[in-house]
Amino acid sequence: MAGIHDLTIAVPRGALFEGTVDMLARLGLDTEELRSNERKLLFEDIGVITMRPSDVPTYVEAGAADLGITGKDVLLEQAAHGPGEEGRDVYELLDLGFGRCTMVLASRAGPDPALEALRRLGVMRVATKYPRVAAGHFERTGRQAEIVEVKGSVELAPLTGVVEAIVDLTATGDTLREHNLIVREEIAVCTARLVANPVAHKLKAGPIDRLLAQLRRLSAAGVA
Amino acid sequence: MIPRVFMIHPIPSGTRDVLPEETREVRAITDTLRGVFERHQYGEVYTPALEYESVLSRADMAEARPAYRVFDEAGAVLALRSDMTVPIARVVASRYAGSEPPLRFCYFAHCYRGVRPQRGQSRELLQAGIELIGSPAPEGTVEALTVLCHALDAVGLRDYRIGLGDASLFPALMGSLQVREEVRRDMLEALVRRDFVGLEHKLADSGLSDEAAALLLEVPQRRGGPEVLSDAPPPAVEPVTGMRRVHERLDPAVAERVIFDLGLVRNIGYYTGAVFEVYDPALGSPIGGGGRYDELLARFGRSLPAVGFALGIDRLHIALAGEERGTGALLARSSARSEEPGAVGDGSVPASAHAEGRPTAAGTKGNRAEGA
């Protein structure tokens with residue numbers, strides 16, 4: 001296998017794919033097939049496996065990959081949210097800087113329907129794909145919220161009156177604006193992160209540190 | 001075809017039934033371990049799975065605190081033990097109050113934790129381990145590491161490594177660099193969560209000088225051979241010297257298994273000095289670990305330095321099976337073994353270890369309890 005320093009890397013398909021592949025290319029990996037073959041999952045000759053971003057911590061934790069790239073939103077959602085609760089057991093090694101978006105609370109423009117619900121009914125309904133991040137946010141800020149977990153377009157929920165607000169990721173704000181939603185609160189800024197399996201981090205310390213040093217150099221040079 | 005099932009009675013998530021084939025394999029492992037522990041004069045103890053919560057909570061368990069509680073008929077709160085170290089500390093204080101240290105105990109016991117069930121991680125987990133009470137660093141630590149390696153060699157685990165760190169290192173570093181008290185806990189928590197990005201962000205917001213922040217981020221990422229012990233920053237010199245003292249006293253066969261790790265912290269709060277974890281390329285998570293807990297016994301009324309370790313038997317079993325098949329988590333594609341220094345022997349065959357490890361009638365001296 002001719003991966004970077006013989007490491008296996010979990011690469012997310014979707015919004016972070018381009019940034020990740022560009023980064024791997026700058027590290028000297030031959031990424032041509034990775035870019036051209038969307039259906040292939042295992043690229044053994046370059047030490048890459050591809051998957052949904054939310055599966056990256058799972059594969060890295062299990063040791064199927066030594067390293068992985070995923071969004072901070074995914075890590076937040078899968079982190080421990082209370083005492084006695086366990087998060088994914090992976091090292092978060094580096095903020096890669098790309099794929100920057102913000103986790104926000106948004107509701108329809110005009111008088112905030114979420115505030116009104118909270119004032120009059122004592123609880124607001126919030127749709128999200130990130131139920132644990134959302135629940136944690138409302139708990140920390142001392143408000144009652146009924147979390148409605150959806151899998152598809154979150155913007156639909158407030159427009160149909162199912163909820164008063166949403167918690168979602170936004171990069172440019174275009175989707176929110178298109179649906180007449182405005183940002184009420186910013187919860188967290190999320191970028192791509194490099195994560196590592198805890199055993200690989202010890203047993204493959206040399207190769208992992210070499211890769212980290214390369215990434216830091218690229219980032220200092222302003223290209224990563 | 002769907003098999004015809006008559007009736008399924010559920011059991012709690014994270015628990016399971018162990019049937020004869022698995023039991024045989026697990027028994028072979030535990031018998032071998034028991035032989036090694038007894039050969040090193042560790043006497044086996046059983047303690048109740050249920051303890052008074054108020055007694056267990058004398059120890060700082062941090063994230064490994066008991067997760068399951070019940071009431072007894074008098075309304076007292078009982079907790080299912082989450083490890084064996086705390087119950088044994090209780091036993092030492094109450095049953096061996098006047099005994100001459102060192103005291104040596106071993107155990108094979110189920111412990112209960114509210115973890116997310118996954119491969120090698122049950123809510124009811126079988127642990128095998130030792131506690132060495134009354135033997136300070138470095139000698140006690142050396143003995144514990146030696147028993148650990150003998151035990152793993154005896155069951156035939158080939159490619160394991162022991163990560164060795166010191167729980168006091170990072171706090172000492174923060175103290176000497178004048179990190180404000182109120183952010184120390186946050187920074188340590190980030191390290192326990194293995195979140196170096198979070199640590200980096202906290203350091204950036206901490207008002208520390210760039211050099212101090214860089215040091216606090218870089219030192220806990222140092223891990224590898226003895227070279228990581230050289231040029232330690234002044235506040236880390238004491239723990240690093242302690243690690244070196246331990247390493248110098250180890251047999252070569254044990255010493256070459258050690259990876260030094262200046263960032264090793266464990267999610268259990270009572271560790272005070274040396275801490276260690278067992279890694280094997282056949283499993284993506286540590287097989288076990290331990291360390292020094294020099295202040296725990298005092299909380300139970302008998303101030304003695306102590307050290308111990310626990311192995312997760314399920315994880316050890318998975319790692320052994322993975323090595324046997326050559327298809328472990330990090331194994332199949334790994335060139336790590338040739339990467340790392342000191343590729344170690346072929347590991348002894350479990351069968352032979354069995355024979356030599358069997359407890360004999362003369363066996364262990366054990367520790368005689370007072371008034372037992």
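Reader: What is the order of the strands in the open sheet of 5 strands in chain A?
Author: This is a predicted model. The open sheet in chain A has 5 strands and mixed pairing. Its edge strands, each pairing on one side only, are β8 (145-149) and β10 (181-190) of chain A. Read across, the order is β8-β7-β9-β6-β10.

Reader: How many bridges join strand β7 of chain A to strand β9 of chain A?
Author: Strand β7 (residues 124-128) and strand β9 (residues 165-170) of chain A run parallel. A:Thr128 stands opposite A:Val167 in β9(A). The number of bridges joining β7 to β9 in chain A is 3.

Reader: Which helix of chain A packs on the sheet, touching β6, β7, β8, β9 and β10?
Author: Those five names cover the strands in the order β8-β7-β9-β6-β10 of chain A. The helix that touches them has a direction that makes about 170° with that of β8(A), and it spans residues 131-140 of chain A: helix α6.

Reader: Into which domains is chain A divided, and what distance separates their centres?
Author: Domain 1 of chain A is written in two pieces, 4-100 + 191-220, and domain 2 is 101-190. Taken over C-alpha atoms, the centres of domain 1 and domain 2 of chain A are separated by 29 Å.

Reader: Which helix gives the largest share of the side of domain 1 of chain A that touches domain 2 of chain A?
Author: The contact takes 9 residues from domain 1 of chain A and 10 residues from domain 2 of chain A. The domain 1 side divides into 1 nonpolar, 4 polar and 4 charged residues. Its largest share, 4 residues, comes from residues 72-78 of chain A, helix α4.

Reader: Which elements give two or more residues to the side of chain A that touches chain B?
Author: In this contact, 28 residues of chain A meet 30 residues of chain B. The chain A side divides into 12 nonpolar, 6 polar and 10 charged residues. The elements of chain A giving two or more residues are α3 (56-62), β5 (91-95), α9 (198-203) and α10 (205-220).

Reader: At what angle do helix α5 and helix α6 of chain B pack?
Author: Two packed helices are described by the angle between their axes and the distance between the axes. For helix α5 (residues 169-176) and helix α6 (residues 181-192) of chain B, the axes are 11 Å apart. α5(B) passes α6(B) in a right-handed crossing. The packing angle of α5(B) and α6(B) is about 145°.

Reader: Which residues of α6(B) meet α5(B)?
Author: The residues of this contact between α5(B) and α6(B) divide into 6 nonpolar, no polar and 1 charged. From α5(B) come B:Phe170, B:Pro171 and B:Met174. They meet, in α6(B), B:Arg184, B:Met187, B:Leu188 and B:Leu191.

Reader: Which residues of helix α7 of chain B are buried?
Author: What covers the buried residues of α7(B) includes β5 and β11 (192-196) of chain A, together with α6 and α8 (210-218) of chain B. Within helix α7 (residues 196-204) of chain B, the buried residues are B:Phe196, B:Val197, B:Leu199, B:Lys202 and B:Leu203.

How values were computed
Residues numbered from 1 in each chain as written. Chains lettered and ligands numbered in written order. Predicted model: local features only at pLDDT ≥ 70, side-chain atom pairs only at ≥ 80, totals over all residues. Domains from an automatic or database assignment. Contact = placed C-beta atoms within 7 Å. Nonpolar A, V, L, I, M, F, W, Y, C, P; charged D, E, K, R; others polar. Pairing = 2+ DSSP bridges. Axes fitted to C-alpha atoms, helices over the stretch in contact; angles between N-to-C directions. Left-handed = near helix turned anticlockwise from the far one by under 90°. Buried ≥ 20, exposed ≤ 12 C-beta atoms within 10 Å, placed from the backbone.
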